[in-house]
Amino acid sequence: MTRRTDWAEYTDGSAGPGDGTYGAAAAPYETDPFATGLREDDEARHGDGEARRGGGRGRGAGGTRGRRRRERAEPSAEDGGATSSSRAEKGEPPRDPVEQARAICLRLLTGTPRTRRQLADALRKREIPDEAAEEVLSRFEEVGLINDGAFAEAWVESRHHGRGLARRALARELRTKGVDSALIDAAVSQLDSEQEEETARDLVDRKLRATRGLDRDKRLRRLAGMLARKGYPEGMALRVVRQALEEEGEDTEYLGDEAF
């Protein structure tokens with residue numbers, strides 16, 4: 001009969017018998033959730049397999065063929081356990097949905113932080129009951145394995161410096177990932193208008209050379225359009241592009257906003 005995994009299995013070595021916190025809670029998204037508990041089980045199974053192989057030596061090819069037949073006969077599933085049909089054939093009860101939800105979330109969080117909404121969608125697609133999903137997600141949030149605020153801040157930092165996205169584009173991306181509006185506002189507030197404009201200038205400087213040879217209006221539309229796609233306000237985009245063109249000797253005195 002399948003044993004239900006206790007929350008304490010995922011604690012670090014310092015947790016006491018009554019402590020229900022995860023070892024990874026102190027450093028969310030940096031600790032491999034499979035580093036404790038699960039690896040010990042794997043080593044135990046590996047050691048058991050070595051013992052069986054040692055005991056089976058001398059039995060000849062028949063023993064090897066028997067082991068191979070047994071290995072082929074053992075079912076496997078995405079969540080690390082037997083399939084529901086094989087459990088039914090063996091007369092075993094269905095796998096505990098809470099245990100299954102926990103395994104799915106740990107696997108999805110390994111190496112990649114995710115929002116609560118993303119994990120909830122994944123559990124729903126795997127037909128995990130809402131009650132079990134809510135229990136696991138709330139527990140993960142409590143111990144810090146799910147932290148939408150930290151996720152939003154890291155997302156803003158990475159996408160602004162890596163892709164040059166402005167606050168408007170960053171907020172739009174975070175909304176699609178299910179982050180709460182208040183957390184989005186707090187995260188994008190890391191960027192002020194001066195920092196946004198400085199990044200916009202860097203983006204234009206990198207693209208300016210590729211537009212040389214085009215007429216002035218086309219250069220303006222192409223460069224300002226690039227900034228608009230990255231979420232920069234129209235007024236800022238036009239101002240930054242005009243200044244860059246003027247520094248190259250272009251006459252922008254009669255260049256109206258309609259060119260954009």
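Thr199 counts as buried (under 20% relative accessible area, with exposed being over 50% and partly exposed in between, for a 1.4 Å probe and protein chains only), because its relative accessibility is 13%. Thr199 is part of helix H10, residues 193-208; helices are DSSP runs of H or I with at least four residues, numbered from the N terminus. Apart from neighbours within four places in sequence, Thr199 is in contact with His160, Gly164 and Tyr232, contact meaning heavy atoms within 4.5 Å.

The model is predicted, with local features needing pLDDT of at least 70 and side-chain atom pairs counting only at pLDDT 80 or more, while totals for chains, interfaces and linings use all residues. Residues are numbered from 1 along each chain as its sequence is written, and side-chain values use heavy atoms, without hydrogens and water.

The largest nonpolar core has 20 residues, of which Cys105, Leu119, Leu123, Ile128, Leu137 and Phe140 touch the most other members. Such a core is a set of buried Ala, Val, Leu, Ile, Met, Phe, Trp, Tyr and Cys residues joined through side-chain atoms within 4.5 Å. At least two residues of this core come from each of H4 (97-109), H5 (116-125) and H6 (130-143), and H4 gives the largest share, 7 residues. Beyond four places in sequence, Cys105 touches Leu119, Leu123, Val136, Leu137 and Phe140.

Between H5 and H6, the contact joins Arg116, Leu119, Ala120 and Leu123 of H5 to Ala133, Glu134, Leu137, Ser138 and Glu141 of H6. The residues of this contact comprise 5 nonpolar, 1 polar and 3 charged, where Ala, Val, Leu, Ile, Met, Phe, Trp, Tyr, Cys and Pro count as nonpolar, Asp, Glu, Lys and Arg as charged, and the others, Gly among them, as polar.
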